[in-house]
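Hi,

Here is the structure I promised to send over. Could you have a look when you get a moment?

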Amino acid sequence: MKRFDYFLPQSLEEALELKKKIPNSRFIAGGTDLMVQIRGGELKPSALISLRSIPDLSSIEINGSIRIGAMTTVTDLIYNPDLEHQAKLLVDAARRVGSPQIRNVATVGGNLCNCSPCADLALSLLVLEAKARIQSLSGTQDVPLQKFFESPGKSCLSPDQILTDIFIEPVSSNTKSVFLKKGRVKMDLAVASVALLLEMEGEICRKARVAAGSVAPVPLRLQKVEVLLEGQALSPELADLAQRMASESVAPISDIRGTEEYRRQIVGVYVKRGLAQILGWGLV
Ligand SMILES: Cc1cc2nc3c(=O)[nH]c(=O)nc-3n(C[C@H](O)[C@H](O)[C@H](O)COP(=O)(O)OP(=O)(O)OC[C@H]3O[C@@H](n4cnc5c(N)ncnc54)[C@H](O)[C@@H]3O)c2cc1C
């Protein structure tokens, strides 16, 4: 492994100045993705700039809307006493990330900025319609998460920008959600995954948000499925249609974790199973 310098800035401005000054430097959060890429020789940065000591990047604030600092660890998401009630889907996804050792250091910002199609938190945050706050030396901007992921490993961030916060609006009380993930073994990256959120008014689905992981170059919202469900009385027949549509809406590849066909099948089954779980139809 090539040697690199390591910096521990104490403010956002200091981190951004260092990034501007040092060519081929990288920001590091928990390092659970980045260090694997450096050890594998995919990346050879000249310096790592840690975001660990920057105040406020690690806090969660719930005050009407929810603000989650980019350096919040997966463990902190799980153990926050209020988040379970306000954004259950995110906590459910967090519980499925790696092992306790990984969850203790892996951050929400790292999960998004690594831009992996299988990122568990990315999927749930897409469905929760989160916004990402991005800062550079020239200012701050908020980007809907749907516009954040560009291609595998590539977000909309330019090298001189830091993701500082994620914002989520709390869901209404008639909202239910489910996160389903298929790995080869219990602790694994997803072969395929589905996050599903429904806002119901009696039998009628007022709002549906569906996203799938590991089945496209980026974490993917299944908007055709959402349109199919919204405004409808949800029935097992409609769930069959949603299953078929989900399988047809994705563009998976075959790799060591699973084949294209298998991934299509899992996504379809998980959309139907998610609907069945939320609506109490028993196991599908
Ligand atoms: C054994 C193992 C198991 C895993 N299991 C899972 C799993 O089940 N599910 C899952 O989703 N992931 C899994 N991962 C992947 C990884 O742990 C997560 O993606 C994690 O959230 C990454 O966060 P991090 O803080 O470690 O990011 P880092 O590795 O520090 O950073 C990742 C990338 O994001 C950039 N970056 C980080 N933070 C910022 C920021 N605030 N602003 C700008 N750029 C930033 C870095 O420069 C780097 O390019 C696993 C990894 C390992 C090693």
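Below is what I found, going from the whole chain down to single residues.

Two things before you start. This is a predicted model, where local features need pLDDT of at least 70 and side-chain atom pairs count only at pLDDT 80 or more, while totals for chains, interfaces and linings use all residues. Residues are numbered from 1 along each chain as its sequence is written.

**The chain as a whole**

There are 11 helices and 14 strands in the chain. These are DSSP runs numbered from the N terminus, with helices being H or I of at least four residues and strands being E of at least two. The radius of gyration is 19 Å, close to the 19 Å that the globule rule gives for 284 residues, so the chain is as compact as a globular protein of that length. (That radius is taken over C-alpha atoms, and the rule is 2.2 Å times the number of residues to the power 0.38.) The C-alpha trace spans about 60 × 45 × 30 Å along its principal axes.

Of the 284 residues, 44% count as buried. Buried means 20 or more other C-beta atoms within 10 Å of the residue's own, exposed means 12 or fewer, and partly exposed is in between, with C-beta atoms placed from the backbone. As for contacts (C-beta atoms, placed from the backbone, within 7 Å), 61% of those between residues at least 6 apart in sequence join residues at least 24 apart.

Strands count as paired if DSSP finds at least two bridges between them.

Strand 11 and strand 12 run antiparallel and are joined by eight bridges, with Lys176 opposite Leu198 in strand 12. Strand 12 (residues 192-201) also pairs with strand 13 (residues 204-213), again in the antiparallel sense, over nine bridges. Here Val194 faces Ala212 in strand 13, and Ser193 faces Gly213. The hairpin of strand 12 and strand 13 has two residues between the strands, and Gly202 takes a positive phi near 65° there.

Strand 12 is mostly covered, with seven of its 10 residues buried. Ser193 sits in this strand and is buried, with 29 other C-beta atoms within 10 Å. Leaving out residues up to four places away in sequence, Ser193 touches Cys118, Asp120, Leu123, Leu180, Lys181, Lys182, Ala212, Gly213 and Ser214.

**Helices against the sheet**

Helix 11 has 20 residues and reaches 29 Å from its first C-alpha to its last, close to the expected 28 Å; the expected span is 1.5 Å times one less than the number of residues. Its buried residues include Ile266, Val267, Tyr270, Val271 and Leu275, as well as Arg263, Arg264 and Arg273. After helix 11 comes Gly280, with a positive phi near 70°.

**Around the ligand**

The ligand has 28 residues around it, of which Ala29, Gly30, Gly110, Asn111 and Cys113 come nearest. A residue counts as near if its C-beta atom, placed from the backbone, lies within 6 Å. Strand 2, helix 2 (34-39), helix 7 (108-113) and strand 10 (162-168) each give two or more residues to this shell. Helix 7 has the largest share, with four residues.

**Two loop residues to check**

Asn24 has a positive phi of about 60° without being a glycine. Asn24 is in the loop between helix 1 (12-21) and strand 2 (25-28) and counts as exposed, with 11 C-beta neighbours inside 10 Å. Asp56 is also not a glycine, and has a positive phi of about 80°. Asp56 is in the loop between strand 3 (47-50) and strand 4 (60-63) and counts as partly exposed, with 14 C-beta neighbours inside 10 Å.

Cheers

How values were computed
Two residues are in contact if their C-beta atoms, placed from the backbone, lie within 7 Å.
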